[in-house]
Amino acid sequence: MKASFFQYNRAKLAEKLGGGLIVATAYNGMQRQNDMAFGFTQEANFWYLTGIEEPDWKLIVDGTSHKAWLVLPDVSEEHRLFDGVLDEKVAKQLSGVDGVITHDEAQAKMRQLAKKHSVVHTVSQPEYAAHFSFHQNPAQHQLHQELERIFSAVQLCNKELASLRAIKQTEEIVAIEKAVKLTMQAFSNVKQAMPSYAHEYEIEADMSHYFKFEAAAEHAYDPIIAAGHNACTLHYTANSAKLKSGDMVLLDVGARVDGYAADISRTYAKGKASARAQSIHATLESAHRDIVSYLQPGLDVSEYMTKVNDRMMQALKEVNLIKHDDNEALRKYFPHAIGHGLGIDVHDSLGAPRYFKPGMVMTVEPGIYIPDEKLGFRIEDDILITESGVRNLSKGLSTAL
Ligand SMILES: [Mn+2]
């Protein structure tokens with residue numbers, strides 16, 4: 001991405017906030033073991049505003065004077081020697097800010113800005129994050145507390161950022177298309193090679209190898225390669241089981257390219273699929289096709305949800321899982337959402353819109369999971385809402401078993 005992209009994003013956010021002041025932080029690096037850190041993934045909003053992929057940087061945007069500064073991480077000489085630190089000049093070029101300042105200079109600048117701005121805007125994790133089964137990165141919370149000591153009011157601008165990020169710009173769509181294309185090719189490769197695989201992890205290894213070898217790309221999220229009953233564990237990532245002939249193998253994999261994620265699912269047969277498996281899969285394929293066809297610009301989101309529920313209910317009837325409409329059974333056999341926004345985060349916020357708008361990119365991923373029959377199916381495509389309809393970015397990848 002060019003610096004102009006990040007400059008534009010900062011300007012649009014400042015405009016939405018009526019020329020206010022914004023202070024945001026990168027994630028902190030996190031301990032993996034003893035003196036080693038985990039591989040680093042940047043906080044998506046911070047990346048969207050700066051392009052900086054390193055931990056511990058901060059950003060100050062004065063929407064009134066239209067100026068922005070990056071704040072260097074406060075690191076020891078030893079850390080600098082072992083890990084290196086992004087050069088100031090490079091950081092300035094990447095992000096297009098007006099200056100790069102030290103931690104102490106930033107403190108002075110914020111005190112000075114506090115005279116002009118009584119309110120400061122920052123980004124912090126939404127409340128639902130409390131339900132996660134892991135610790136949150138502490139950087140945003142720490143910054144929030146620091147800002148409370150300097151400014152009379154701290155307000156979150158998560159919503160404004162989410163609605164900006166929900167409408168993808170041309171260069172973002174290009175990046176998503178690249179990620180999708182790379183991921184589609186990895187899927188077709190492993191589909192061809194299905195007869196040669198004996199374990200889930202062999203499929204994962206081939207996909208990882210392809211991403212890295214072709215495009216120096218990583219997975220956008222932990223890949224799911226789930227055979228048989230494993231497919232009913234929605235976030236199964238062990239990928240360690242043996243494949244048996246006749247297994248349905250659910251693959252949910254996406255590469256990240258130029259900062260943007262793909263997120264695709266297919267279900268492939270190891271050996272010959274049973275008649276039952278074939279019929280459920282065919283039913284799901286048809287439901288998936290219909291649901292994609294519902295999407296269009298201006299469609300009411302709640303109307304879409306109703307249509308999706310009706311269509312999935314019909315699918316469950318077709319495969320004799322239910323006889324009559326039954327919401328509880330629908331939640332049992334199709335327990336996850338029909339989709340989500342897709343972008344820098346693999347689960348990108350769409351900004352809680354009432355209507356689908358051109359520029360939104362989202363997944364459509366109906367699934368049917370029957371633990372009693374050791375069967376799980378999901379078909380997931382990545383869809384762009386356009387001015388006139390939709391473009392299925394992963395349409396070129398066959399949905400066949
Ligand atoms: Mn998904």
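A residue is buried if 20 or more other C-beta atoms lie within 10 Å of its own, exposed if 12 or fewer, and partly exposed in between, with C-beta atoms placed from the backbone. This is a predicted model: local features need pLDDT of at least 70, side-chain atom pairs count only at pLDDT 80 or more, and totals for chains, interfaces and linings use all residues. Residues are numbered from 1 along each chain as its sequence is written.

**View 1. Alanine 220 in its loop.** Alanine 220 sits in the loop between strand S9 (218–219) and S10. Helices (H or I, at least four residues) and strands (E, at least two) are DSSP runs, numbered from the N terminus. Alanine 220 is buried, because 24 other C-beta atoms lie within 10 Å. Not counting residues up to four places away in sequence, alanine 220 touches Gly254, Ala255, Arg256, Ala261, Ala262, Asp263 and Val346. Two residues are in contact if their C-beta atoms, placed from the backbone, lie within 7 Å. Threonine 41 is 179 residues from alanine 220 in sequence. In space, their C-alpha atoms are 9.8 Å apart.

**View 2. The open sheet S10-S11-S14.** Three strands form this open sheet, in the order S10-S11-S14, with antiparallel pairing. Two strands pair if DSSP finds at least two bridges between them. Strand S10 (224–227) and strand S14 (264–269) stand at the edges. Each has a single partner strand, so one side of each is left without a neighbour in the sheet. From one strand to the next, the twist averages 15°. Strands of a sheet pair through backbone hydrogen bonds, either parallel or antiparallel.

**View 3. Strand S11 and its partners.** Strand S11 (residues 248–253) pairs with S14 in the antiparallel sense over six bridges. Aspartate 252 has serine 265 in S14 as its bridge partner. Leucine 250 stands opposite threonine 267 in S14. S10 and S11 run antiparallel and are joined by four bridges. Here the bridge partner of isoleucine 225 is leucine 251 in S11. S11 is mostly covered, with six of its six residues buried. In a regular strand the side chains alternate between the two faces of the sheet. On one side of S11, Met248, Leu250 and Asp252 are all buried.

**View 4. Helices H8 and H9.** The axes of helix H8 (residues 170–192) and helix H9 (residues 200–215) come within 10 Å and cross at roughly 140°. That makes H8 oblique to H9. Angles under 35 degrees count as roughly parallel, over 145 as roughly antiparallel, 65 to 115 as roughly perpendicular and the rest as oblique. Axes are lines fitted to C-alpha atoms, for helices over the stretch in contact, and angles run from 0 to 180 degrees between N-to-C directions. H8 passes H9 in a right-handed crossing. A crossing is right-handed if the near helix is turned clockwise from the far one by less than a right angle, and left-handed if anticlockwise. From H8, Leu182, Gln185, Ala186, Asn189 and Val190 take part in the contact. They meet Ile203, Asp206, Met207, Tyr210, Phe211, Glu214 and Ala215 in H9. The residues of this contact divide into eight nonpolar, two polar and two charged. Ala, Val, Leu, Ile, Met, Phe, Trp, Tyr, Cys and Pro count as nonpolar, Asp, Glu, Lys and Arg as charged, and the others, Gly among them, as polar.

**View 5. Helices H10 and H11.** The axes of H10 and helix H11 (residues 301–318) come within 10 Å and cross at roughly 165°. H10 and H11 are therefore roughly antiparallel to each other. Their crossing is right-handed. H10 brings Thr283, Leu284, Ala287, Asp290, Ile291 and Tyr294 to the contact. H11 brings Tyr304, Lys307, Val308, Arg311, Met312, Ala315 and Glu318. By class, the contact of H10 with H11 has eight nonpolar, one polar and four charged residues.

**View 6. Isoleucine 280 in helix H10.** Isoleucine 280 lies in helix H10 (residues 275–294). Isoleucine 280 is buried, because 26 other C-beta atoms lie within 10 Å. Leaving aside its neighbours within four places in sequence, isoleucine 280 is in contact with Val319, Ile368, Leu375 and Phe377. Glycine 259 is 21 residues from isoleucine 280 along the chain. Their C-alpha atoms are separated by 36 Å.
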